[in-house]
Every structure is written in structure tokens, then in C-alpha cells.
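Visitor: I'd like to learn how to read a few features of this fold with you. Could we take them one at a time?

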Amino acid sequence: MTDEERIRQLREELNEYDYHYYVLDDPLVPDEYYDRLMRELRELEAKHPELVTPDSPTQRVGGQAASQFEEVRHEVPMLSLDNAFSEEEMRAFDRRLHELLGIEEDQPLQYCAEPKLDGLAISLLYEDGLLVRAATRGDGRVGENITANARTLRAIPLRLKGDPPPRVEARGEVYMPHEGFRKLNEEQLRKGQKTFANPRNAAAGSLRQLDPKVTAERPLTYTSYQLAQLEGADWPPTQYDQMLFLKQLGLPISPYMERLQGIEACFDYFRHIGEQRDQLPFDIDGVVFKLDRRDQQRKAGFVSRAPRWAIAWKFPAQEVMTRLLEVEFQVGRTGALTPVARLEPVQVGGVTVSNATLHNMDEIERKDIRIGDCVIVRRAGDVIPEIVKVVMKYRKPGFRKPQMPKRCPVCGSEVVREEGHAVYRCTGGLGCPAQRKEAIKHFASRKAMDIDGLGDKLVEQLVERGLVEDVADLYHLTLEQLMDLERMGEKSARNLLEALERSKSTTLPRFIYALGIREVGEATAESLAQHFGDLPPLMEASEEELQEIEDVGPVVAFNIVHFFAQPRNREVIDKLLAAGIHWPKQEPVDRQALPLAGKTYVITGTLEHYSREQAKQLLKALGAKVSSSVSKKTSAVIAGEKPGSKLEKAERLGVPVLDEAAFEQLIAREALIDS
């Protein structure tokens with residue numbers, strides 16, 4: 001094979017891998033193999049510069065930095081969308097379309113729906129299959145030429161697939177997925193540079209870099225949402241078909257796009273997407289609904305700035321402005337002092353927010369937060385609200401910086417900052433009531449000792465009255481002591497004592513997790529229990545021995561050794577064992593030798609014969625990991641009744657799905673092999 005033939009072959013192969021990765025969401029080869037082919041192509045093109053073409057995958061990164069962006073006049077205006085914020089407004093939108101089209105309201109209209117990505121809208125123009133221009137929306141009529149930057153995005157094909165029409169213009173959204181945003185900000189911090197407030201700002205800032213090489217380093221991707229121009233081919237008759245047409249040409253489209261019959265189906269879709277919103281790997285701020293039929297779109301027409309046939313139903317705001325009233329410091333289970341912002345109450349995402357996390361003092365310093373500032377607060381689902389940034393124009397002289405207290409606000413012990421860490425800690429240990437309370441709450445939690453009825457308020461009373469100095473004291477509480485507490489009748493007291501008695505029969509992983517060793521979560525506790533088989537060998541293990549375990553690194557190993565070296569901790573463990581806490585003895589297990597080692601499963605829906613926890617334990621006993629989210633690396637999804645969005649994602653990604661019978665067969669087969 002000649003070099004020219006090999007170059008052509010490599011280009012075709014790399015373009016096909018990009019298509020499968022970005023359009024079909026179905027990677028064909030590992031990243032290492034892709035990178036190896038790209039290196040070979042670069043070397044061959046360097047050897048034969050006369051064979052380099054604009055659509056070669058190697059040409060995505062490069063080009064000279066511009067001093068400014070050229071203006072681009074859109075041949076077809078990039079219009080905005082009208083917004084809706086309620087079912088009433090959506091019904092009014094549907095009624096208007098029925099009137100415009102002369103269709104009776106009892107005849108449902110067909111819509112095409114997809115999530116509204118929170119990124120930057122762009123236009124991509126292809127001539128004879130080649131990308132010739134990319135432009136921002138700008139004011140809708142004039143945008144900026146960002147072709148050099150758009151070419152660096154692997155999700156945007158430089159050449160369309162198959163036999164494309166002479167002229168195609170696609171519109172879509174450039175955005176930054178959550179994982180890429182997190183890594184970008186970590187890299188910015190490492191370089192001592194300013195971080196981005198949110199993925200949308202990061203995407204917009206990255207795409208509008210004057211130097212394309214900077215854009216190339218940013219984790220951007222693209223999804224199409226509209227066919228704007230088409231010459232030399234018949235227009236597909238519906239919005240849905242237009243998107244499938246773009247997909248056939250190699251342009252990514254939303255995997256969540258659906259065709260819907262009637263306004264009620266639109267309501268169901270909006271609720272369904274809203275439920276998935278916090279699990280999606282990217283930000284969305286609503287759902288876009290478009291009349292599906294193109295002939296009806298043309299008949300409905302446009303107003304000056306927006307099509308009459310499309311609307312964006314927006315989710316409740318998740319970023320709002322309010323005032324920072326004060327900063328207080330909470331003491332956690334391990335003594336860490338966490339600054340908490342007390343805010344003027346404000347509605348964020350449909351919830352009243354009056355507190356927000358500030359993470360640590362470094363974060364306060366980096367964002368230059370002062371008491372009295374107007375701040376932007378973000379809330380995502382059930383995640384604790386956080387302050388995104390300060391609105392500087394409202395700052396007044398005299399606003400003071402929050403200061404870390406020198407003494408613990410709960411027990412008065414000295415507060416110290418560990419060398420090399422951002423965290424400040426109270427040195428009071430279990431002598432600090434706040435640490436004691438949090439340690440007891442953790443010990444009693446469902447995934448630890450699972451002591452039903454031991455809620456936060458009750459724990460606070462037990463500590464404040466001096467009835468519980470450490471977790472072992474829980475097992476010496478009496479009926480009379482409990483009945484003397486507020487809101488604790490005889491029945492509740494007896495129920496709690498019974499729950500305490502039941503909790504004595506536990507498992508080694510639960511007990512290890514319940515001890516509250518810093519950075520030892522459920523998965524690590526499980527690995528420790530399987531590796532050592534019992535508590536005594538774990539308590540005597542060295543840091544070197546601990547680091548031989550898959551989930552244990554140097555920091556976790558140090559924390560474990562340090563925990564068991566404390567006489568006070570050993571004393572509490574002895575008291576717990578003397579109180580009757582026990583677990584089934586087990587032989588040490590080499591997890592790598594187990595039949596499902598290296599496999600990851602996700603459980604969704606309701607199983608008939610197993611609880612979620614029972615199914616999880618069966619899988620873990622055979623060496624598998626059990627995850628809460630589906631990805632391309634998931635080995636299989638186990639689906640019971642009413643499985644929800646995880647099943648849909650598995651089917652989209654081509655992840656195998658097992659029903660309960662197949663799950664039982666898997667367990668029985670692998671357990672037989674293991675025995």
C-alpha cells in the first residue's frame with residue numbers, strides 16, 4: 001500500500017470512529033487505538049505535505065490566532081424562541097397553533113420535542129460536503145465567523161458522510177458536559193487561573209477564543225437541532241425526519257428527541273425530562289417543542305424575532321441573585337469547619353433557599369466573597385445550593401471578609417489547618433459535642449448500623465443531656481432515660497431499644513463504615529472486609545498492606561492506621577463488641593479472583609423476589625461493582641418493574657439489559673463457577 005493510499009484509509013477510518021463516537025454514541029475502538037492512528041496520519045502527512053487536505057482529521061487543531069472575528073451575515077436569520085413557563089402558557093401556544101392552522105382543538109397536533117441545551121448556538125455551512133463556515137448567532141442576522149475554532153471540535157464533521165447535497169446548513173448548540181467542566185476548572189486552578197462560573201460560560205468563552213489552539217484544548221461538544229438550508233435535495237417533510245437526515249450526514253442529534261401526539265403528551269415529556277435533568281451529563285434549561293410537519297410550520301409562519309410554530313418551555317430558574325447576610329461555621333463529624341452562607345430567602349428552582357455552602361476558606365478567598373454582598377446562588381436538584389459569584393457593582397465600602405474562628409464555635413477548642421490541606425479542623429475530637437453528634441448520626445444511618453428511630457433531634461438531646469458520650473453508650477440506654485426525653489413516649493422508646501438490639505447483628509462492612517474513619521465509604525469498607533475477613537487483622541494492618549487493596553490509596557491507608565492507633569477509638573470498639581455487636585465470620589477474599597471482578601452493574605426498577613440491597617449484595621459477593629448511573633462502561637443493567645430512565649439510557653448506549661430471571665441465572669451460574 002502506498003503512503004497516499006494509507007493516508008486515505010486512515011482518514012476514512014478516523015472519520016468513521018468520530019461518527020460512531022459522537023453521532024451514534026457507540027465507540028468502536030479504545031481511545032489509545034484512535035490516538036495511535038491519528039499519530040500515524042500526522043507522521044505520514046508531515047512526510048507528504050502536498051497530500052494534506054482541509055477535511056483531514058489532523059486539521060482540527062491548528063491555525064493562527066486571529067486579532068478579531070469577522071462578521072458573518074446569516075442567509076437565513078437565526079431567530080430566538082418564545083418561552084413558556086407553565087402548562088397554561090403551553091395550552092395557549094397549542095390553541096394559537098390550532099387557530100392559525102384552522103384545525104379543531106380536539107384534533108391533536110404532532111410535535112417534535114428535545115431538551116434545550118444550555119450552551120452557545122452556532123450555524124454550520126457545508127458546500128459539496130465540506131465545512132466551509134461556522135458562525136455564532138450574534139444578533140440573529142449578523143454573527144461572528146468561528147470556523148477555525150469549530151473545526152477543532154471532533155463532534156463537528158469536517159466532511160459530511162455519504163453523498164451529501166451541494167449545500168447544507170445545520171444549526172445546533174455547542175456545550176460543555178459536566179465532567180469536562182469539572183476537569184477544566186481543576187486545570188484552571190492548578191495553573192492559578194480564573195475558573196468558570198458554569199458550563200455555559202465555559203463553552204461560550206472557549207468557543208470564542210481568538211486562538212483556535214485554546215479552543216482545541218477545551219472539552220466542547222456539539223448537537224444539531226435544526227436544518228436551516230438545503231440545496232440539491234428534497235426537504236424532509238417533518239422536523240423529526242430533518243434531524244434523522246442530519247444524523248445520516250454525520251451530524252450529532254439529541255438522543256432524547258421524540259415525536260409526540262398532542263399537548264398532553266408534551267406535558268408528560270416535559271415532566272419526564274425534568275425528572276432526568278439532574279442525572280444528565282450536561283446542563284439543560286428547558287424543553288423545546290416544534291410543530292413536526294414542515295407544511296404546518298410554513299403555514300404558521302413567523303413573527304419578527306421568532307417562529308410561531310416553536311416554543312421553549314423553561315424549567316424554574318436555578319440561578320438567582322440574593323444578599324449574603326452572614327457566614328457561620330458548622331463542625332462536622334471529623335471536626336472539619338465548613339463555612340455556611342446565611343442568605344436572604346429566595347426561590348431557586350422552585351425551592352426557598354436561605355443557606356448555601358461555601359466549601360472552604362480558599363473558595364471564599366477565590367470568589368472574593370464578603371458579608372453584605374449581592375451574590376448569584378445556584379441550585380441543581382437536591383444538591384446543596386452554592387454561591388457561584390459576587391455581583392460586584394452592588395458592593396459597598398465596609399463589607400467585611402468572613403474570618404475563620406480561632407476557636408471552635410461549639411466547644412471552644414483550638415482550630416488548626418492541616419498542612420497542605422484547605423480544611424480547618426476543631427482539635428476537640430469526641431470531646432466536642434458537634435463532632436460527637438455527627439459521629440452518632442453517621443453510626444446510626446441506614447447504610448451503617450441502620451438504627452431505625454434514632455433521628456437527628458433525638459441524637460442532639462442525647463448528647464446535650466450527657467446520656468451519650470460515644471456511640472457505644474447507645475447500647476446502654478434505658479427505657480426510663482428515653483421516656484424522659486422530649487416527644488418520646490413509651491412506645492417510641494421501646495421501638496428504639498428494639499432497633500438498637502436488632503442493629504447488634506450486622507455485617508463487617510457495615511461496622512467498618514459505621515466507625516466513621518475519614519474517607520472510608522461503603523465501597524472501601526466492603527473491600528477492607530473482603531480482604532481481611534475480620535476486624536483484628538484490619539486493626540493491625542500497616543499502611544503498606546492496606547495499599548495493596550484496590551480502593552485504598554496512601555491517604556486512606558494513613559487515615560485507617562491513624563484511626564486504629566488512637567487508644568480512645570480502640571476503647572469504643574471494645575465497648576461496642578462487649579455490648580454484643582457481632583457479624584458472620586468470613587474468610588479473606590481475593591476480589592480479583594471472583595467471577596464478576598471488573599464488571600459493573602446498575603439496578604433499576606422493582607424486583608419481585610429481591611430488595612435493591614439484596615440484589616446489590618449478591619452481585620458484590622461475586623466481585624462486581626454496583627453503580628447508581630449507567631455509562632458506556634456498564635456491563636449490564638438489571639431491570640425490574642417500572643425501571644425508569646436508566647433503562648432508556650442503557651438501550652440508547654447498547655448496554656445489555658437483564659430481567660429478574662436473567663439476573664437469577666447470572667448469579668446462579670457465577671456462584672456455581674466460584675464454588
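Guide: Gladly. Let's begin with angles: axes are lines fitted to C-alpha atoms, and angles run from 0 to 180 degrees between N-to-C directions. Keep in mind that this is a predicted model. In it, helix 23 (residues 645–653) lies across strand 19, strand 21 and strand 22, running at about 140 degrees to strand 19.

Visitor: In what order do the four strands of that open sheet lie?

Guide: The general idea comes first. Strands of a sheet pair through backbone hydrogen bonds, either parallel or antiparallel. Here the order is 20-19-21-22, and the pairing is parallel. Strand 20 (625–627) and strand 22 (657–658) are the edge strands, each pairing on one side only. Helix 22 (residues 612–621) also packs on the sheet, where it touches strand 19 (600–604), strand 20 and strand 21. The direction of helix 22 makes about 170 degrees with that of strand 19.

Visitor: How many bridges join strand 21 to strand 22?

Guide: Two bridges join strand 21 (residues 636–639) to strand 22. Val-637 stands opposite Val-657 of strand 22.

Visitor: And in which sense do strand 4 and strand 5 pair?

Guide: Strand 4 (residues 120–127) and strand 5 are antiparallel, paired over six bridges. Tyr-126 stands opposite Leu-131 in strand 5. The two strands form a hairpin with two residues between them, and Asp-128 in the turn has a positive phi of about 50 degrees.

Visitor: Why is strand 5 described as largely enclosed?

Guide: A residue is buried when its relative accessible area is under 20%. Five of the seven residues of strand 5 (residues 130–136) are buried, so the rest of the structure largely encloses this strand.

Visitor: Which residues of helix 5 are buried?

Guide: They are Gly-180, Phe-181, Leu-184, Asn-185 and Gln-188. These residues cover an arc of only 130 degrees around the axis, which puts them on the same side of helix 5. They pack against helix 6 (199–207).

Visitor: What span should helix 5 have at 1.5 Å a residue?

Guide: The 13 residues of helix 5 (residues 178–190) should span 18 Å, and the end C-alpha atoms are 18 Å apart, which agrees. After helix 5 comes Gly-192, with a positive phi near 75 degrees.

Visitor: Where does Val-52 lie?

Guide: Val-52 is in the loop between helix 2 (31–47) and strand 1 (71–73). With 31% relative accessibility, Val-52 counts as partly exposed. Leaving aside residues up to four places away in sequence, Val-52 touches Arg-11, Glu-45 and Gln-59.

Methods: Residues are numbered from 1 along each chain as its sequence is written. This is a predicted model: local features need pLDDT of at least 70, side-chain atom pairs count only at pLDDT 80 or more; totals for chains, interfaces and linings use all residues. Side-chain values use heavy atoms; hydrogens and water are left out. Two strands pair if DSSP finds at least two bridges between them. Contact means heavy atoms within 4.5 Å. Buried means under 20% relative accessible area, exposed over 50%, partly exposed in between (1.4 Å probe, protein chains only). The expected span of a helix is 1.5 Å times one less than its number of residues. The arc is that of the directions from the helix axis to the C-beta atoms.
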